[in-house]
Amino acid sequence: MLGLKDSMLTPAQKLETIKAFGLIAMTVGGSELKVNWAMSLLEQGVETENLCVLASLLKPLNEFEVDEFFNIVISELDLKLPKPEEAVEGYAKILAHEVIQGIISPEIGASNIYDANVFLDYPESFAEYTIYEDEWYCEHINGWSKEKRREEIIKACKVSYGLLGYPCINKA
């Protein structure tokens, strides 16, 4: 087993963790997401005793058991769970980056950022995603082709990426 100093997350693992924290914040319970996050870190070589236990929990998941191990793992990895709003904004920033880089399609990115928008109670910073998420509206009301819609989503993601921040997940 790796010691705490050896188990610090790489920059890519930190981004994956921020994304997971955002999804967890938007999901009631989130037990399956917590177990999947633990399994992903384990597969990448991050290892603590409690991370192994969390990753190995089977369905049907007990929310209390998952939460107990999740909180222990957060502590073991010297992380702190951001406030839900911060976690969701970080998640949206990662989605915007993934759209810009072509990792996910603009349509999927817009749909997922729209979900973040709904969770955050429609902040002005995500207002355009209400339109971009709606293919029918873009095509029939705005008169956009599929390609024009994709271009507009990518432009919006570039703006969002510049405006949003990642939450601090490291203990100070």
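The model is predicted, so local features need pLDDT of at least 70 and side-chain atom pairs count only at pLDDT 80 or more, while totals for chains, interfaces and linings use all residues. Residues are numbered from 1 along each chain as its sequence is written, and side-chain values use heavy atoms, leaving out hydrogens and water.

**Exercise 1. Rings that meet**

Task: Find out how the ring of phenylalanine 21 pairs with the ring of tryptophan 37.

Solution: 
Step 1. Start with the rule: rings of Phe, Tyr and Trp (its six-membered ring) pair if their centres lie within 6.5 Å; planes under 30 degrees apart are stacked, over 60 edge-to-face, and the rest tilted. A search of the whole structure gives 6 aromatic pairs.
Step 2. For phenylalanine 21 and tryptophan 37, the centres are 5.8 Å apart and the planes stand at 50°, so this pair is tilted.
Step 3. Now place the two residues. Helices (H or I, at least four residues) and strands (E, at least two) are DSSP runs, numbered from the N terminus. Phenylalanine 21 belongs to helix H1 (residues 11-26) and tryptophan 37 to helix H2 (residues 31-43), so the pair ties together parts that are 16 residues apart in sequence.
Step 4. Check burial: buried means under 20% relative accessible area, exposed over 50%, and partly exposed in between (1.4 Å probe, protein chains only). Phenylalanine 21 has 2% relative accessibility, so it counts as buried. Tryptophan 37, at 2%, counts as buried too.
Step 5. Phenylalanine 21 also forms an edge-to-face pair with phenylalanine 70, at 6.1 Å centre to centre and 85° between the planes. Because phenylalanine 70 lies in helix H4 (residues 63-76) and phenylalanine 21 in helix H1, this pair ties together parts that are 49 residues apart in sequence.

**Exercise 2. A charge over a ring**

Task: Which ring does the charged end of lysine 93 sit over?

Solution: 
Step 1. Recall the test: NZ of Lys or CZ of Arg must be within 6 Å of the ring centre and within 35 degrees of the ring normal.
Step 2. The charged end of lysine 93 sits over the ring of tyrosine 161, 4.2 Å from its centre.
Step 3. Lysine 93 also lies over the face of tyrosine 166, at 5.2 Å from the ring centre.

**Exercise 3. A glutamine and its partners**

Task: Is glutamine 13 buried or exposed, and which residues does glutamine 13 touch?

Solution: 
Step 1. Locate glutamine 13: the residue is found in helix H1.
Step 2. Its relative accessible area is 5%, so glutamine 13 is buried.
Step 3. Contact means heavy atoms within 4.5 Å. Not counting residues up to four places away in sequence, glutamine 13 touches Met8, Leu41, Gln44 and Val46.
Step 4. A polar contact is a pair of N or O atoms within 3.5 Å; within protein, one must be able to donate a hydrogen and the other to accept it, and residues adjacent in sequence count only if both atoms are side-chain atoms. The side chains of glutamine 13 and glutamine 44 make such a contact, at 3.4 Å.
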